[in-house]
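Morning, everyone. I'd like to walk you through one structure, and I'll begin with a term we need before anything else.

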Amino acid sequence: MTDYEALVFDVDGTLADTERDGHRVAFNRAFADAGLDWDWTEDLYADLLAVTGGKERMRYYLDRFNTDFVRPYDLDAFIADLHRRKTEHYTAMLAKGAIPLRPGVRRLLDEARAACVRLAIATTTTPQNVSALIENALPPGALDWFEVIGAGDIVAHKKPAPDIYDWVLERMALKPADVVAFEDSANGVDSAARAGIDRILVTTNRYTEAQIFPAASAVLDGLGEPEAPANARTGVAPPAAGVDLAYLAMLERRTVAPA
Ligand code: XBP
Ligand code: MG
């Protein structure tokens, strides 16, 4: 029925809506801990999401939005320390069950596992954050559902660079044409497309719904559930019961070069 070997999932914004009420809040708590008056509002954070990776995002904030800040001598160490605190806050929030999976994610993972479709993760977020989400939003042992977890600083360049998808594909010994990638953002789609993946399903969220995705096979507002069907912005409409393996098998292959 399927002509793909594996499903490769982004995490932030795709498996769960982690940015506004998760990462953003954790950054602000770390800033407060350090006695900084930095306040990443929901609107500012929309601009900051142009850059992936928390450490990279803080540097971008200083370069673009807080140029008066008197930088410490060792800015790298300063940012690394803030980021460690941010990760502690973020994982503590997830341990309390603060962020659920997006609708349809659990259903699709279960169907894929039952059909022996291989699963992997390709994300820019820190590995502890992936574990915190999977361990708290899925049953015990669910980390093992994912054959390969590519996350954070294990590659030199974060999305939109292709590095993390290249890394995952290499470890799975798969070709780009063998997988379907799931993304929520233009940076993520560019990363997958630059790695040569030609089937990318986008599920947008409030931070990414205005973005354009020329390389996506379809752009939906979610994976959908029987009681809450998803809508298509481009591509084939998903079944009323939500995106399933049969739907993924019908996705158009697209090889549009990223801008
Ligand atoms: C996710 C990110 C991440 C998180 C923060 O992008 O950009 O950086 O916002 O995570 P994508 P860290 O979904 O495209 O992978 O602070 O752990 O870097
Ligand atoms: Mg994402």
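Two strands count as paired if DSSP finds at least two bridges between them. Keep that in mind as we go, and keep in mind that what you see is a predicted model.

Now apply the term. Strand S2, residues 118-123, and strand S3 are joined by 4 bridges, and they run parallel. How many of the residues of S2 are buried? The count is 5 of 6, so the strand is mostly covered, given that buried means under 20% relative accessible area.

Next, the metal. Which residues are the protein donors of the magnesium ion, ligand 2? They are Asp-10 and Asp-184, each through OD, and Asp-12 through O, at 2.1 to 2.2 Å from the ion. Along the chain, the donors follow the spacing D-x1-D-x171-D. Asp-12 sits in the loop between strand S1 (6-9) and helix H1 (19-33), while Asp-184 sits in the loop between strand S4 (179-183) and helix H8 (186-194), so this pair ties together parts that are 172 residues apart in sequence. Are these two buried or exposed? Asp-12 is buried, with a relative accessible area of 9%, and Asp-184 is buried too, at 6%.

Last item: the largest pocket. It holds about 520 Å³ of space. The lining consists of 37 residues, and the closest to the centre are Glu-19, Leu-49, Thr-52, Arg-57 and Thr-124. By class, the lining has 18 polar, 13 charged and 6 nonpolar residues. Several helices supply at least two residues each, among them H1, H2 (42-48), H4 (75-95) and H8. Which helix gives the most to the lining? That is H3, with 4 residues.

That covers the sheet, the metal site and the pocket.

Notes
Residues numbered from 1 in each chain as written. Chains lettered and ligands numbered in written order. Predicted model: local features only at pLDDT ≥ 70, side-chain atom pairs only at ≥ 80, totals over all residues. Heavy atoms only, no water. Donors = N, O, S within 2.8 Å, 3.2 Å for Na, K, Ca; no water. Buried < 20%, exposed > 50% of the residue type's maximum accessible area, 1.4 Å probe, protein only. 1 Å grid on protein atoms, 1.4 Å probe; cavity = no way out; pocket = protein on both sides within 12 Å on 5 of 7 lines; lining within 4 Å. Points joined across faces, edges and corners; volume = space filled by probe spheres on them. Nonpolar A, V, L, I, M, F, W, Y, C, P; charged D, E, K, R; others polar.
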